[in-house]
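Could you walk me through this protein in the viewer, one selection at a time? I am new to structures, so please tell me what to click and what I will find there.

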Amino acid sequence: MKLGLLSAILPKYSFEEVIDYAASVGFKCAEICCWPKEKAARRYAGVTHIDVNDRTREKMDYYLDYAAKRNIQISSLAYYPNPLDSDLEARQVAIDHIMKLIDVSGQMGINMVTTFIGKDKDKTVEDNLELYKEVWTPIVRYAESKKVRIGIENCPMYFSKDEFPGGKNLASTPAIWRKMFELIDSDYLGLNFDPSHPQLLMFDYVKPIYEFKDKIFHVHIKDLKIYKDKLNEYGIHSYPSLWHAPKLPGLGDINFGAFCGALNDIGYEGCVCIEIEDRAFEGSEDKVKRGIEQSYRYMTQYM
């Protein structure tokens, strides 16, 4: 396994600064954010470290060479929108940009895109599965033609008032993953697995690693703390932002020894990228870097 960093936590850095900093810490890979250059609707979104609209062969080779000279692998081109948005215009923007990422990832030889399935939060799971098959079948077939794997993060996007009642990403539970992979059978569609999301949804984050071992294409490392006193106050049907917080690895409830042990059991040899969303390590560049470097030190004991 290679330990890396998701670049979203460094939104003001250039591509070169992200790679230089990742190398200086000791990371071996980086998941590079490639959002369209527009204002983002939520935290950690809208970050662009590679602009896929500027995709000349010279530019693509430059990015690859710059990272390679610093012994950093670009693990994936990352973009996490809602391709099943009820707003058809927003949906099409997301789909079109994912298609561009597939093109560029294939042309660069990265051969990985990490993203969300999306969800219409006001429809049932069953209706969303039908919509998923309609929208995602041509995307996956196109990815197959380019030999680019798509790693879907298992985040429910179910945290705040605007994401209720159903959340904005369908791919959140084992039962749904099984159905998704049944509806679109492809070696190029899999998971970008993050243990913090099963913890939020209160199911086992280790057991699915064994069942879906052939579908784990990429891994996120993020911890999560559930505040039981607040959960007792608001209950599980309230907005999760009221009773949980993302944390640096080791500062929440995830047992990363068990998690990484399971990844070793299945022979996973891909990239494992730390995703920083801990508000206690925000507010200044120094605090952000301390959070990243503390996370790196913590995770090296397991890798």
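Predicted model: local features only at pLDDT ≥ 70, side-chain atom pairs only at ≥ 80, totals over all residues.

**Stop 1: the barrel**

Start with the strands. Select β1, β2, β3, β4, β5, β6, β7 and β10: in that order, these eight strands form a closed barrel with parallel pairing. From one strand to the next, the twist averages 30°.

Now zoom in on β4 and β5, which run parallel and are joined by four bridges. Select Thr 114 and you will find Gly 151 of β5 opposite.

**Stop 2: strand β2**

Next, select β1 (residues 2-6) together with β2. These two strands also run parallel, and three bridges join them. Pick Leu 6, then look across to its bridge partner in β2, Glu 31.

How many of the five residues of β2 are buried? Five of the five are, so the strand is largely enclosed by the rest of the structure. In a regular strand, side chains alternate between the two faces of the sheet.

**Stop 3: Ser 75**

Move on to strand β3 and click Ser 75. Its relative accessible area is 4%; buried means under 20%, so Ser 75 counts as buried. Which residues is Ser 75 in contact with, leaving aside its neighbours within four places in sequence? Select Cys 29, Ala 30, Glu 31, Ile 110, Met 112, His 218, Cys 271 and Cys 273 to see them. For a sense of scale, draw a line from the C-alpha atom of Ser 75 to that of Phe 159: the two are separated by 27 Å, and they lie 84 residues apart along the chain.

**Stop 4: helix α3**

Select residues 88-108, which make up helix α3. At 1.5 Å a residue, its 21 residues should span 30 Å, and the end C-alpha atoms are 30 Å apart, which agrees.

Look at both ends. At the N-terminal end, Asp 87 caps the helix, with a side-chain oxygen 3.0 Å from the backbone nitrogen of Glu 89. After the helix comes Gly 109, which has a positive phi, near 80°.

Now colour the buried residues of α3, including Arg 91, Ala 94, Ile 95, Ile 98, Leu 101 and Ile 102. An α-helix has 3.6 residues a turn, so residues three or four places apart point the same way. The buried residues of α3 pack against α2 (57-69), β3 (73-78), β4 (112-115), α4 (125-146) and β5 (149-153).

**Stop 5: aromatic rings**

Finally, show the aromatic side chains: the whole structure holds 17 aromatic pairs. Select Phe 27 and Tyr 296, an edge-to-face pair with 5.1 Å from centre to centre and 75° between the planes. Phe 27 sits in the loop between α1 and β2 and Tyr 296 in helix α10, so the pair ties together parts that are 269 residues apart in sequence. Both Phe 27 and Tyr 296 are buried.

Then select Trp 177 and Phe 212. Their ring centres are 5.2 Å apart and their planes are at 85°, so this pair is edge-to-face. Trp 177 belongs to helix α5 and Phe 212 to the loop between α7 and β7, so parts 35 residues apart in sequence are tied together. Trp 177 and Phe 212 are both buried.

Notes. Residues numbered from 1 in each chain as written. Heavy atoms only, no water. Expected span 1.5 Å × (residues − 1). Buried < 20%, exposed > 50% of the residue type's maximum accessible area, 1.4 Å probe, protein only. Contact = heavy atoms within 4.5 Å. Polar contact = N/O pair within 3.5 Å; in protein donor to acceptor, adjacent residues only side chain to side chain. Pairing = 2+ DSSP bridges. Axes fitted to C-alpha atoms, helices over the stretch in contact; angles between N-to-C directions. Phe/Tyr/Trp six-rings, centres within 6.5 Å; stacked < 30°, edge-to-face > 60°.
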